[in-house]
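This report covers a strand and its neighbours, then the aromatic contacts. Please keep the model open while reading.

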Amino acid sequence: MTFSGFQKTDLINYPSNIAATVFVRGCNFRCPYCHNPSLVLPDEYSEEVHCEQEIFDYLEQRRSFIDGLVVTGGEPTLYPELPEFVLKVKGMGFSVKLDTNGTNPQMIDFLVKSSLVDYVAMDIKAPLEKYHLFSVAEADCAEKVVKTMEILRNSQVEYEFRTTCPEDILSKEDFTEIAKMLKKNEHWFLQVFNPRVTLDPSFAKVRSYTEEELKAIANNLKKYADVSLR
């Protein structure tokens with residue numbers, strides 16, 4: 001695999017771990033509020049490229065300081081070679097966190113059954129009936145998302161769900177519909193939408209729910225899941 005981004009120290013994206021983070025190119029979604037257009041749109045791809053060996057060499061050098069690796073994007077599960085890459089990372093003694101939109105349940109199933117990932121963060125973009133707003137090619141992406149959720153629930157892997165919250169896409173009623181998809185003990189994080197960089201330039205003017213508004217929404221949904229802000 002090759003990567004279009006490499007963050008050598010990440011203290012945020014892997015709970016309770018000091019990590020490095022790699023970013024893949026390419027995604028099967030076109031979320032208008034996406035803050036990584038250089039990883040999603042082929043015409044915008046960054047010229048930055050990092051090879052596997054560079055990642056392995058760095059992890060080896062920083063073995064005493066880094067606990068794990070975050071693989072994000074873009075959408076990492078689009079890459080058939082992903083299992084082989086994370087197998088090498090695991091073989092070096094590091095844990096692996098995967099970020100995904102949940103639309104490749106076959107890949108997620110293989111990774112968790114093969115003990116190749118230790119933590120999965122999965123986006124829930126919106127209620128299922130709104131998934132047509134994000135997918136560019138997959139009419140059945142909502143069904144795939146539900147299947148991935150069930151795979152994670154039936155695995156031994158630690159996982160979380162997360163939702164970015166622009167007001168133009170998510171109504172307050174939508175939060176309740178998403179919450180009804182979850183289990184009482186599942187971690188669900190609401191993320192303030194930051195319009196600084198967006199895939200759709202018009203979304204630079206879209207309002208996000210404020211932290212205070214999201215706190216109130218989260219408190220009202222505690223009966224459905226372990227929901228909080230990030």
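## Strand E6 and its surroundings

E6 pairs with strand E7 (residues 119-123) in the parallel sense over 4 bridges. Strands pair here if DSSP finds at least two bridges between them. Strands (E, at least two residues) and helices (H or I, at least four) are DSSP runs, numbered from the N terminus. This is a predicted model: local features need pLDDT of at least 70, side-chain atom pairs need 80 or more, and totals for chains, interfaces and linings use all residues. Residues are numbered from 1 along each chain as its sequence is written, and side-chain values use heavy atoms, without hydrogens or water.

From E6 the chain crosses through helix H4 (residues 105-113) to E7, a right-handed β-α-β crossover. Right-handed means that the path from first strand over helix to second runs clockwise, with the strands pointing away from the viewer. E5, helix H3 (residues 82-91) and E6 also make a right-handed β-α-β unit.

In E6 (residues 95-100), 6 of the 6 residues are buried, so the strand is largely enclosed by the rest of the structure. Buried means under 20% relative accessible area (1.4 Å probe, protein chains only). Ser95, Lys97 and Asp99 cover one side; Val96, Leu98 and Thr100 cover the other.

Phe29, Tyr33, Tyr131, Phe134, Phe193 and Phe203 form one aromatic cluster (ring centres within 6.5 Å). Tyrosine 131 and phenylalanine 134 are both buried.

Terms used
Buried < 20%, exposed > 50% of the residue type's maximum accessible area, 1.4 Å probe, protein only. Phe/Tyr/Trp six-rings, centres within 6.5 Å; stacked < 30°, edge-to-face > 60°.
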